[in-house]
Amino acid sequence: MKVLVIGAGNMGLTYSEGMSNSTLLGKHNLKIYDTDPKKIKTLNKQPQFDVYDNLEDSLPKSDIIFIAVKPFHSEDLFSKMKPLINDQQIFVSLMAGVTIDTIKDQLNAKKVVRAMPNLPAKVGKGVTSYTESEAVSKIELIMVRNLLDTTGTSIHVNTEKFIDASTGISGSGPAYVFYFMQSMLEAALKMGFSDYDSKVLVSNTFEGAIELFNQSNLSPEGWIDRVASKGGTTQAAIDSMEDNNVKQLIQDAAYAAFDRAVELGKDK
Ligand SMILES: NC(=O)C1=CN([C@@H]2O[C@H](COP(=O)(O)OP(=O)(O)OC[C@H]3O[C@@H](n4cnc5c(N)ncnc54)[C@H](O)[C@@H]3O)[C@@H](O)[C@H]2O)C=CC1
Ligand SMILES: O=C(O)[C@@H]1CCC=N1
C-alpha cells in the first residue's frame, strides 16, 4: 500500500508522522507532496519521508491519497490532480467543509473518504470522524481507518452532516479549550502569579481534571458537584458563569463552527 500526503502543514505532517511511526507502511511507501520550496527543503532532511515537489511523480502510483491543504486551495489542486488519477485510488480529505460530492465532481474521483481530524493528533491523542462515498469497500474503509488511527482514535459517521457537526465539536474544539486556558492564565496573572506559576497552575488543573474524568464514569456535572461545597468558592464561580450564560455562549460557538463548515461546503 502506497500513501501520498498532499500538503505538509499542521495536519498533513502530523498524519505523515503518525503513519511513518506505525508498522502499517514499509519504507518508501509514504510520500509527501507540497508546493512550498522551504517546506520541501526542511522535509528532505527527514529520512522517513519521500518528499516530492510535483504531482506527476508522486500521484499516479499512490493507492491512498490524503488531502491536507486549506479548503480554498482545493479547486486549483483538484484541477492539477485530475489528469493524473485513476478509479482505484482512494482520496481521504481532511479539509473542513469540502463535500464528498464536490471532491467527486472536481476531481472526477469515485472513492472518497471525508475525515475531520483535530490537532491533538500531533501527540497521538487526536480524534477523527470519517465517512465515505459508496464506491469505497468495507476492506478499503478499514485500511483508511487504520491509517487515521495512527494519530489517535476515530469514529465512523453515516452522513456528512456529522462531519460538519464534529468540526464544531472536536475539529475546532481544541481552540475552545485553549481559549479557556488563556482566560484562566490571564486571570492568574492579574491575581499576581508569575508567568511560570500561572502556567503550572492552569496546565495541571486542566490535565488533572481530564484525568479524573477519563478514569471514572462520572459526568462533568457530577465532577463539578464534587469540587463545589455548598455556599463555597466553586459555587460562586459556577453561579457567575451561569448568570453570564457561559454554557449557552460555548454552545453558540460550537454551532458557529458547524455552520461555517456547512457554508464552506456551499462556497465550492
Ligand atoms: N489545523 C487544524 O487543527 C485542523 C485542520 N483541518 C483541515 O486540514 C487542512 C490543512 O490545515 P493545516 O494543516 O492547518 O494547514 P497548513 O496551512 O498548516 O498546511 C497546508 C499545507 O498545504 C500546502 N499547500 C498549499 N497549496 C498546495 C497545493 N496546491 N499542493 C500541495 N500543497 C499545497 C501548504 O504549503 C502547506 O504546507 C485544512 O483543510 C483544514 O480545514 C482539519 C481539522 C483540524
Ligand atoms: O479552522 C478550521 O477551519 C480548521 C477546521 C477545524 C480546525 N481547523
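A residue is called buried if 20 or more other C-beta atoms lie within 10 Å of its own, exposed if 12 or fewer do, and partly exposed in between, with C-beta atoms placed from the backbone. By that criterion, 32% of the 268 residues of the protein chain count as buried. The model is predicted: local features need pLDDT of at least 70, side-chain atom pairs count only at pLDDT 80 or more, and totals for chains, interfaces and linings use all residues. Residues are numbered from 1 along each chain as its sequence is written, while chains are lettered from A and ligands numbered from 1 in the order in which they are written.

**Confidence and overall form**

- The protein chain has an average pLDDT of 96, and 99% of the residues score at least 70; pLDDT is the predictor's confidence in each residue, from 0 to 100.
- For the complex, the predictor gives a pTM of 0.94 and an ipTM of 0.98.
- The protein chain contains eight strands and 12 helices, where helices (H or I, at least four residues) and strands (E, at least two) are DSSP runs numbered from the N terminus.
- Along the principal axes, the C-alpha atoms of the protein chain fill a box of roughly 70 × 40 × 30 Å.
- Among contacts with a separation of 6 or more in the protein chain, 65% are between residues 24 or more positions apart; two residues are in contact if their C-beta atoms, placed from the backbone, lie within 7 Å.

**Domains and annotations**

- The domain assignment gives domain 1 (3-157) and domain 2 (173-264), with bounds that come from an automatic or database assignment.
- The C-alpha centres of domain 1 and domain 2 are 33 Å apart, and their contact takes seven residues from domain 1 and four residues from domain 2.
- The side of domain 1 that touches domain 2 has five nonpolar, two polar and no charged residues. Here Ala, Val, Leu, Ile, Met, Phe, Trp, Tyr, Cys and Pro count as nonpolar, Asp, Glu, Lys and Arg as charged, and the others, Gly among them, as polar.
- An unreviewed UniProt entry annotates residues 2-97 as "domain: Pyrroline-5-carboxylate reductase catalytic N-terminal"; over this span the chain is 32% helix and 20% strand.
- In UniProt, the feature "domain: Pyrroline-5-carboxylate reductase dimerisation" (unreviewed entry) is placed at residues 160-264, a span that is 84% helix and 0% strand, with its end C-alpha atoms 13 Å apart.
- UniProt positions follow the numbering used here, feature names are shortened, and annotations may be inferred rather than shown by experiment.

**Ligand surroundings**

- Ligand 1 has 27 residues around it, of which Gly 7, Gly 9, Met 11, Met 95 and Ala 96 come nearest; a residue is counted as near a molecule if its C-beta atom, placed from the backbone, lies within 6 Å of it.
- The shell around ligand 1 comprises 14 nonpolar, eight polar and five charged residues.
- Helix H1 (10-21) and helix H4 (74-81) each supply at least two residues of this shell, and H1 gives the most, with three.
- Around ligand 2 are Ala 96, Thr 167, Gly 171 and Ser 172, a shell of one nonpolar, three polar and no charged residues.

**Local features**

- Gly 152 lies in strand E8 (residues 152-156) and is partly exposed because 19 other C-beta atoms lie within 10 Å.
- Beyond its neighbours within four places in sequence, Gly 152 has contacts that include Pro 120, Ala 121 and Gly 124.
- Helix H11 (residues 233-243) lies largely in the open, since the number buried among its 11 residues is zero.
- Asn 245, which follows H11, has a positive phi near 60°.
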